[in-house]
Amino acid sequence: MAVIILSAGCMDYMPALVGDRIITDDNVTHQKWQSEYLEDPDKFKTNPENPLEWTVKGMCIAATHGHEEALEYYNIAIELDSEYAFPYYEKAFSLIILQRYDEGEECLDRAVEINPQYEPFAKRIRSEFIREES
């Protein structure tokens, strides 16, 4: 069972819990990435074929340089594995911060389509950011 963090910021580790929720991913490949990341986070600084690495880098860029630059990293992650919900979720968050609501909603929809466990988080983002602003 893999655990995915849900936060648009840089981190040195990926906690098992996000608030009181755990997001799992039934995809064996995604579980492997998560396990490898937890075993050796430095490995992911040099593996250009891993979407988890690009997503984490995007989160770091969002926290330090801004959300516009982070989109490039999320796009690379999505190109590498279009069935991985995590980069769609993080991309959605950045797009919404950039007030690109329609694109953000599309990414939220895709994240939920791939992994329905993202639904409560997508609902919260929509209620807190999109509905109030648009």
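Because the model is predicted, local features need pLDDT of at least 70 and side-chain atom pairs count only at pLDDT 80 or more, while totals for chains, interfaces and linings use all residues. Residues are numbered from 1 along each chain as its sequence is written, and side-chain values use heavy atoms, with hydrogens and water left out.

Helix 1 covers residues 28-39, where helices are DSSP runs (H or I, at least four residues) numbered from the N terminus. With 12 residues at 1.5 Å a residue, helix 1 should span 16 Å, which agrees with its end C-alpha atoms being 16 Å apart; the expected span is 1.5 Å times one less than the number of residues. His 30, Trp 33, Gln 34, Glu 36 and Tyr 37 of helix 1 are buried, whereas Val 28 and Glu 39, on the other side, are exposed (buried means under 20% relative accessible area, exposed over 50%, with a 1.4 Å probe and protein chains only).

The axis of helix 1 comes within 9 Å of that of helix 2 (residues 51-64), and the two cross at roughly 60°; the axes are lines fitted to C-alpha atoms over the stretch in contact, with angles running from 0 to 180 degrees between N-to-C directions. Trp 33, Gln 34 and Tyr 37 of helix 1 make the contact with Pro 51, Leu 52 and Val 56 of helix 2, contact meaning heavy atoms within 4.5 Å.

Further along, helix 5 (residues 101-114) has buried residues, among them Tyr 101, Gly 104 and Leu 108. Its 14 residues should span 20 Å at 1.5 Å a residue, and the end C-alpha atoms are 20 Å apart, which agrees.
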